[in-house]
Amino acid sequence: MSKSKHSPYLQAISKDSSLPLEQAAVTLWLKDLDNPFRWTIRPLLQFLFAILLHIVWLLKRLPLPQFSAHSFLQKTICWFCTHFVSPEANLLILRHFATESNILNFMAENSNQQARLELYPKSINDMLKDSFVKHDQELFDCFIHLENNCQPLMPEQLKWQEWRTINMDQFDVTKRKTQVFDFETSHALFMCLFCLLLTKEEYRDAINGFNLDQSIAIRIGNIIGEPEIVEYAYNKYPQYLVGPWNLGQRFLMHGFFTEYLYARLETIRTET
C-alpha cells in the first residue's frame, strides 16, 4: 500500500467531518496547500503588499478627488487568473461566487423577500463583467431589503427554487504552465489593486462586508432551527468597522464560512 504524500495533520483534516465541507472543496484546498509558492513566496509577498496596502489605504483617505476603475479592475484580475493563478485556486474562486449566491438566495427566499442573485460564473471570462464589485453590492442590497422575519421552518417548508447545486464538471478552467500562484498568494497580489481602483467608501464597505457572516449565520440558523451554525462565522460584529489589517485571513475565513454553510444547506436539501 502506497503512503499518502500528505502529512498526518493534513490527512486528519481531509478525513475530519466535524464541519460540513464538500469533498470537492477539501480536495482543492489540499492541493492548494501543497503548492510550494504558498510556503516560500507567499510570506514575503504578503509582508510587502501589506505595507503597500496600508500606504494606498492612507492615500485614498486623504481629502483628494475619489476615483474608481471597475472595468479595468475586472479585466486585470481575470487576466491574472487566466495566466498565473493555479487551477485549484481559480476553481475555489468560482465556487465562492456560487456558494455565496446560493446562501443569500436561500436566506431571501425563506424570508419572503424578492432578492435574487444571478452571480454563478462558470469560467474566468464569466467574471469579466462587474463580478467582484457586484458580488459585494448584491450582499448589501440583500440585507437592505431583508426584514426581521426569519422564522423557524420545518424541513418540508423550506424553499429551494433559487438553489443551484454546485457541479464541478460545469466549471471551465484551462490549465497553463504559468499558473503557479496559490489562493492566498494571489489574494495578496490583488489587495492593493482593489484598494487603488475602488473609491474609499467602496473598498471600506467591501472589506467590512465579511463581518455580515455572523448575521447571515444567525438568520439562517433561525430558519433551519440550528442556531449553533453561528460558530461557522469567523468574521463577526458588523457594526465595528475595520481597516485592511489581517485582511488575508479574514478573506480566507469568509470563504470557508460560505463553503461550510453551503454544504450544510445542501445536505438538508438532499435529505428532505
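How much accessible surface does the protein have, and what share of it belongs to carbon and sulfur atoms? The accessible surface comes to about 14,200 Å², and 59% of that belongs to carbon and sulfur atoms (Shrake-Rupley method, 1.4 Å probe).

This is a predicted model, in which local features need pLDDT of at least 70, side-chain atom pairs count only at pLDDT 80 or more, and totals for chains, interfaces and linings use all residues. Residues are numbered from 1 along each chain as its sequence is written, and side-chain values use heavy atoms, leaving out hydrogens and water.

The protein has 10 helices and 0 strands (DSSP runs of H or I, at least four residues, or of E, at least two, numbered from the N terminus). Its radius of gyration is 19 Å, close to the 19 Å from the globule rule for 272 residues, so the protein is as compact as a globular protein of that length (taken over C-alpha atoms; the rule is 2.2 Å times the number of residues to the power 0.38).

Now for the pockets (open sets of points on a 1 Å grid, where a 1.4 Å probe fits, with protein on both sides within 12 Å along at least five of seven lines; lining residues have an atom within 4 Å of a point). Volume is the space filled by probe spheres set on the points, which are joined across faces, edges and corners.

| Largest | About 500 Å³ | 18 residues |

Closest to the centre of the largest pocket are Ile 13, Leu 21, Trp 29, Phe 256 and Tyr 260.
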